[in-house]
Amino acid sequence: MGRPVGRPPVWIMRQAGRYLPDYRRVRKLFPSFLDFCRSPEHVAEVTVQPVDHIGVDAAILFSDILVLLPPMGLNLEFVEGEGPVVHNPVRDAATIAAMPGGGDHDDINAELDYVFQGVRLTQRDLKGYVPLIGFAGGPFTVASYMVEGGSSKELARLKGLMFSDPKAFHMLLTKVSNLTAAYLIEQVRQGVDAVTIMDSWAGYLSPADYRTFVLPHTLSVIRRVKAQFPQIPVIHYANGAPTLLRDFVSLGADVVGLDWRVELQDAFKAHPGQTFQGNLDPCYLFAPPEKIRERVAEMKKVVGNRPHIFNLGHGILPQTPVENARAFVDAVHGE
Ligand code: CP3
């Protein structure tokens with residue numbers, strides 16, 4: 001990781017998504033988003049789409065960080081216009097104690113076989129043209145949906161549990177971490193070339209609380225993946241957390257993803273030698289292509305020959321014009 005390549009590499013978070021007409025066509029075949037995720041042939045089809053349509057240098061497996069929830073006993077539904085909803089959220093220590101993930105014998109990978117089939121079919125279709133990135137959510141972010149029952153503005157219930165019953169909170173994150181490590185390791189065994197850990201909500205924590213309650217769990221996931229597959233690059237991404245950058249770097253991931261709240265030059269200055277990923281504001285893709293090209297040229301000046309992967313600072317938004325996404329990728333490639 002961090003070795004020089006011929007041209008700057010670029011991929012986009014949520015690149016297989018609603019901004020692509022071809023994605024929307026396939027998406028319509030499935031009333032339920034989870035059923036879509038559970039159809040390996042369609043997963044492979046939409047995973048490859050952005051490689052063909054916008055020319056990104058990596059594919060990211062089409063799935064969701066929340067596929068872990070049903071095998072852990074949570075009744076998850078993606079509600080149109082609302083996002084993920086958990087009908088039986090986890091709120092107390094007794095429920096957490098009864099969940100899988102406590103020991104080596106608890107294996108939910110069998111129930112996630114459709115993901116691994118998707119990995120194999122995608123690799124069949126990619127034919128080595130670009131690498132395939134697998135992923136999982138950070139334990140804190142995955143736990144947030146389990147406890148909150150969906151997306152939340154304050155994470156009041158999750159942090160309430162964290163501060164009032166730290167033992168139960170750690171038990172929950174330990175279980176999620178155990179299953180996440182096993183899940184990522186299996187993705188690699190089945191053929192992904194790199195993995196991303198997306199801890200989107202870590203920025204809700206103070207640095208001290210992040211270090212006490214979350215960092216050890218994320219670290220244990222990264223260490224277990226690295227122990228089995230030292231050569232597989234691990235990317236860590238979090239959002240809204242410029243004050244936690246030092247801590248993210250300390251996790252030892254090969255690549256640290258940045259959102260647009262961090263100045264690239266500051267990150268490089270503070271952490272020389274670290275490979276960073278990011279960090280164009282996704283809303284920049286609503287500006288005309290010439291402005292996107294100007295902004296990318298500025299970013300390239302800052303990057304120079306430092307180790308860096310171009311990406312947005314968060315997922316691409318559904319309203320993004322496809323030609324603007326393509327302009328971003330072409331500008332990175334210098335076309
Ligand atoms: O990046 C990719 O192209 C791969 C696929 C991918 C999806 N979700 C597909 C998806 C990835 C990597 C994710 C990660 C994910 N999922 C995160 C972490 C990254 C981030 O965005 O912060 C989180 C927090 C989730 C949870 C999730 N999934 C939410 C909150 C929602 C609803 C919001 C929304 O955008 O609709 C989803 C649904 C989801 N996951 C969609 C897609 C393409 C949209 C559903 C649809 O197409 O109907």
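Ala, Val, Leu, Ile, Met, Phe, Trp, Tyr, Cys and Pro are counted here as nonpolar, Asp, Glu, Lys and Arg as charged, and the others, Gly among them, as polar. The model is predicted, so that local features need pLDDT of at least 70 and side-chain atom pairs count only at pLDDT 80 or more, whereas totals for chains, interfaces and linings use all residues. Residues are numbered from 1 along each chain as its sequence is written, and side-chain values use heavy atoms, with hydrogens and water left out.

An N or O atom in the side chain of Ser-200 lies 2.5 Å from an oxygen atom of the ligand. A polar side-chain atom of Arg-18 is 2.6 Å from a ligand oxygen atom, and the side chain of Asp-64 places an N or O atom 2.7 Å from a ligand nitrogen atom. Of the 860 Å² of accessible area that the ligand has on its own, the protein covers 88% (Shrake-Rupley method with a 1.4 Å probe; for residues, only the protein chains shown count as cover).

Pockets and cavities were located on a 1 Å grid over the protein atoms alone: a cavity is a set of points where a 1.4 Å probe fits but cannot get out, a pocket is an open set with protein on both sides within 12 Å along at least five of seven lines, and lining residues have an atom within 4 Å of a point. The ligand takes up the space of the largest pocket, where a molecule sits in a pocket if more than half of its atoms lie within 2 Å of the grid points. The volume of this pocket is about 1,300 Å³; grid points are joined across faces, edges and corners, and a volume is the space filled by probe spheres set on the points. Its lining comprises 41 residues, with Arg-14, Arg-18, Phe-33, Asp-64 and Phe-78 nearest the centre. These 41 residues divide into 25 nonpolar, ten polar and six charged. H1, strand E2 (76-79), E3 and helix H6 (139-148) each supply at least two lining residues.

Two cavities of 30 Å³ or more are present. The largest cavity holds about 50 Å³ of space, and its lining has seven nonpolar residues, one polar and one charged.

Two backbone features remain. Arg-14, in the segment before H1, has a positive phi of about 65 degrees although it is not a glycine. The Gly-278 to Asn-279 peptide bond is cis, with omega near -5 degrees.

How values were computed. Polar contact = N/O pair within 3.5 Å; in protein donor to acceptor, adjacent residues only side chain to side chain. Helix = DSSP H or I, 4+ residues; strand = E, 2+ residues; numbered from the N terminus.
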